[in-house]
Number of protein chains: 2
Amino acid sequence: MDRKNKIEVCFTPATYDVFRNDEAIVVVVDILRATTAICSAFMNGAERIIPVGTLEEAKAYKELGFLVAAERDGIVKDFADFGNSPFNFTKERVEGKPIVYSTTNGTNTIMMAKDSYKVLIGAYLNISTISKYILSEQRDVLIFCAGWKNKFNLEDSLFAGALAQQVLEDSNFYTICDSALASIDLWKMAKPNLIGYIEKAAQRHRLKKNKLDDVLEFCHTQNLTNIIPVLEGNYLVPLKFN
Amino acid sequence: MDRKNKIEVCFTPATYDVFRNDEAIVVVVDILRATTAICSAFMNGAERIIPVGTLEEAKAYKELGFLVAAERDGIVKDFADFGNSPFNFTKERVEGKPIVYSTTNGTNTIMMAKDSYKVLIGAYLNISTISKYILSEQRDVLIFCAGWKNKFNLEDSLFAGALAQQVLEDSNFYTICDSALASIDLWKMAKPNLIGYIEKAAQRHRLKKNKLDDVLEFCHTQNLTNIIPVLEGNYLVPLKFN
C-alpha cells in the first residue's frame, strides 16, 4: 500500500504560509512553556482556555472577571493572575473554570492555524495520546512550532522530531519534508540526554536569567495525561482520548 | 577575553527580517545549485555575475546580447544560454565575460541582503576561504540559507553548520542562535557520509527526477577555489583571498 498521509514540520510562524494545509491536523507546539502549561491546565480540570493575541484583550477579559494568564518574554503582566509556568495552573486555581491566556509566541500561533481541519495542542505531557489520535484520523499532519519571535528554536523542533518519528512508524504516513527529517535527527541525537541537550537552547538561558527554569524537567516529561486540548471556535477544550 | 562577534544562521528568506543585521557579513548559501554554480563560474574566469530576480529581467539582458543563465525549479528557460548546473559554467563559455543569472531561490536571496556590510557567496568549493575571510574581518556573521521556496532545506543548513563550526573555533566568535546550534549538530551527524546523508533531502529527489543529480558530489567538494564572489552594487565580482 502506498503511504498516503504526509507529515510536515513548520519551524516558525514566519513560514506558516508555505506549509499551510487546511485539510490537515495541525499540532501546535510551544514546549517552553505555553503548550505544556495548557496541557497542565486541562490535567487540573480547567473548563476551557480562551487564547487571546494581545494584552489589551487579556486585560479586557480580566475586567470582566475572568481568570487571566498573561506574560511577555516570560514575565507575568501586572494585571494578570499568573503567567505561563505550568506550575501556576493548579487544581485549586483552575478546576472548572475558563482561563484567558496570552503568551509571547504560543497563542498567536494557535490562532494562525484556526482554519485547519483540527488544531491540537501538543506537549511531551500528551505526546503519545496525540500520536494515537493522529493515527486514528489518518489525515495529513502539520507540526507547527511556535518558535521564538519567528525564529527556529531547539525545544519545539526536538518535540516535532519525537512526534514525527512516532507517527512515521505507521505505514500510512510518509514525509519528504526536510524540516521533519532534520527534527527527527536532532531528536535522535538529543534523546539519550534530553535535559542535557536542552542546556544549550537559547530559551533555556532566557528562563534561567529570569529564574523561571524550574519547569525544564516537567516540560520534558512524557505522557502524564491522555487529554488533548483541541481548538473549537475560539476556545480550547479538553478531549479525552484513549 | 569576551567573545565579541556573533554568528547566526537564517534557514529561509521568510525569516530574514528577524535576523537582519546590516552591520554583519552575510554569507548566502544555495548549495544545490546556485551558489556552487556561481563559485564555479568565477573559478573558470567569469568577469562578473549580474543576479536578477525575475525572468523578465533575464530576458531583457539576453536581448541586449548578454550570456544568460536562468532556471526555475531546476529547468533551463528556453531563452537562456544555460541553467544553474555548475558544469555549465565552463572556461570556454564564461572566461572574461559578464553573466546574467536568475534562479528559483538563489538570486532573490542575494539581493535581500544587499544592504549588509558585505554579501559573500558561500559553497563547499570555497568554504575554508570564506572562513578565513570572516576571521580576518572580525565582525558579526549571518549565514543566510536560500532554502526551497521559503522552506528550510537540509543541504544549505548542513553547509551552515560546517561553516559555523569552523568560525566558532576562533575565540572571538560566539553563538546563542538555536538554528546555528542545530546546523552544527546536523553537520556533525552528516559529515562522516555527507553524500549518503543528502540522499534523503527533498532537493536531491527533485534533481534526480529531472536527471540533474550528476552535480551532487561536486556540490559537496570542499576547497577547490580561493575565490569569494562578493556583491558590489548590483554585481557579484571575484575576490581572491589567501
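Predicted model: local features only at pLDDT ≥ 70, side-chain atom pairs only at ≥ 80, totals over all residues.

Me: Which helix of chain A gives the most residues to the side that touches chain B?
Reply: Two residues are in contact if their C-beta atoms, placed from the backbone, lie within 7 Å, and the contact takes 24 residues from chain A and 24 residues from chain B. Helices (H or I, at least four residues) and strands (E, at least two) are DSSP runs, numbered from the N terminus, and those giving two or more residues to the side of chain A that touches chain B are helix 7 (154-168), helix 8 (178-190) and helix 10 (202-209) of chain A. The one that gives the most, with 7 residues, is helix 8 of chain A.

Me: How many nonpolar, polar and charged residues does the side of chain A that touches chain B have?
Reply: Ala, Val, Leu, Ile, Met, Phe, Trp, Tyr, Cys and Pro count as nonpolar, Asp, Glu, Lys and Arg as charged, and the others, Gly among them, as polar. Sorted by these classes, the side of chain A that touches chain B has 12 nonpolar, 7 polar and 5 charged residues.

Me: At what angle do helix 8 of chain A and helix 8 of chain B pack?
Reply: Axes are lines fitted to C-alpha atoms, for helices over the stretch in contact, and angles run from 0 to 180 degrees between N-to-C directions. The axes of helix 8 of chain A and helix 8 of chain B are 10 Å apart, and the angle is about 80°.

Me: Which word describes helix 8 of chain A relative to helix 8 of chain B, and which residues make the contact?
Reply: Angles under 35 degrees count as roughly parallel, over 145 as roughly antiparallel, 65 to 115 as roughly perpendicular and the rest as oblique. With an angle of about 80°, helix 8 of chain A is therefore roughly perpendicular to helix 8 of chain B. The contact is made by A:Ala182, A:Asp185, A:Leu186 and A:Met189 on one helix, and on the other by B:Ala182, B:Asp185, B:Leu186 and B:Met189.

Me: How many residues of helix 8 of chain B are buried?
Reply: A residue is buried if 20 or more other C-beta atoms lie within 10 Å of its own, exposed if 12 or fewer, and partly exposed in between, with C-beta atoms placed from the backbone. The buried residues of helix 8 of chain B pack against helix 7, helix 8 and helix 10 of chain A, together with strand 1 (5-10), helix 7 (154-168) and helix 9 (194-198) of chain B. Helix 8 of chain B is mostly covered, and of its 13 residues the number buried is 11.

Me: How far apart are the axes of helix 7 of chain B and helix 8 of chain B?
Reply: Helix 7 of chain B and helix 8 of chain B pack at an angle of about 100°, and that makes helix 7 of chain B roughly perpendicular to helix 8 of chain B. The residues of their contact divide into 9 nonpolar, 4 polar and no charged. The distance between the two axes is 7 Å.

Me: How many residues of helix 7 of chain A are buried?
Reply: Among the buried residues of helix 7 of chain A are A:Leu158, A:Phe159 and A:Leu163. This helix is largely enclosed by the rest of the structure, because the buried residues number 12 of the 15.

Me: Is A:Pro192 buried or exposed?
Reply: A:Pro192 is found in the loop between helix 8 and helix 9 (194-198) of chain A. Its C-alpha atom and that of A:Thr54 are separated by 38 Å. With 8 C-beta neighbours inside 10 Å, A:Pro192 counts as exposed.

Me: Which buried residues of helix 10 of chain A are there?
Reply: They pack against helix 7, helix 9 and helix 11 (216-219) of chain A together with helix 8 of chain B. The buried residues of helix 10 of chain A are A:Ala202, A:Gln203, A:Arg204 and A:Leu207.

Key. Residues numbered from 1 in each chain as written. Chains lettered and ligands numbered in written order.
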